[in-house]
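Trainee: Please take me through one part of this model in detail. I would like a close look at a sheet and at the surroundings of single residues.

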Amino acid sequence: MRHITARTALAVLAAAALSACGAEPGADPSGDAATEPESTAAETSQAEPTEAEPTGPVAADGADYAACEDGVCEVAVAEPVDIEVGDALPFSVTAVTDEGIEFAIVDGGASVGGSVNGICEIRAVGTSFQSQCPGDVSELGDEPAAGELLVQLLGFDADGAAVLRFTLG
């Protein structure tokens, strides 16, 4: 018959206690409890979906077209709409496409219109207008001339609406 010393019994009890807690013998019981085995960490990151960041510009005034009545606004346009910008002629968005907008400016019996694709601006006085599409927001003009309506297509928001900035000079 073998004799068990107090030291041997203590070692056996310590190993049993560690085993019952899920720790491996020889593991540091004072280790960081937040440390997970690699497979558990990978499973956790796969189980928690990450929310995608919205892409594209965000219109400061949303779809509140009445915000344009004071001559300055930034709105999201997803469908045809007439927008009153200060005392300028109404600006009509007649279509929103995947790449840009189609528009019209009507003054009594006279009507002009066109389309712009990408990052663009339209400068209109009455029914006369010019447009340019530099492709980069930083290259758009800053201020319209006196009496000029500046319409800038800044891109498309996360929902696919065209984001337009209106400024009346």
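Mentor: Contact here means heavy atoms within 4.5 Å. The model is a predicted one. With that cut-off, and not counting residues up to four places away in sequence, Thr167 touches Gly71, Val72, Pro144, Glu148, Leu149 and Leu150. Thr167 lies in strand β9, which covers residues 162-168. Its relative accessible area is 13%; buried means under 20%, so Thr167 counts as buried.

Now to the sheet. An open sheet is formed by four strands, in the order β2-β3-β4-β5, with antiparallel pairing. The edges are taken by β2 (81-83) and β5 (110-117); each has a single partner strand, so one side of each is left without a neighbour in the sheet. On average, neighbouring strands of this sheet are turned by 25 degrees against each other, direction ignored.

Within the sheet, strand β3 (residues 91-96) pairs with strand β4 (residues 100-107) in the antiparallel sense, over five bridges. Val96 has Ile101 as its bridge partner in β4.

Strand β4 also holds Ile105. With a relative accessible area of 3%, Ile105 is buried, because the cut-off is under 20%. Leaving aside neighbours within four places in sequence, Ile105 is in contact with Leu89, Pro90, Phe91, Ala110, Ser111, Val112, Ala124, Gly126 and Thr127. For one of these, Thr127, the separation from Ile105 is 22 residues in sequence and 5.9 Å in space, C-alpha to C-alpha.

Conventions. Residues numbered from 1 in each chain as written. Predicted model: local features only at pLDDT ≥ 70, side-chain atom pairs only at ≥ 80, totals over all residues. Heavy atoms only, no water. Pairing = 2+ DSSP bridges. Helix = DSSP H or I, 4+ residues; strand = E, 2+ residues; numbered from the N terminus. Axes fitted to C-alpha atoms, helices over the stretch in contact; angles between N-to-C directions. Buried < 20%, exposed > 50% of the residue type's maximum accessible area, 1.4 Å probe, protein only.
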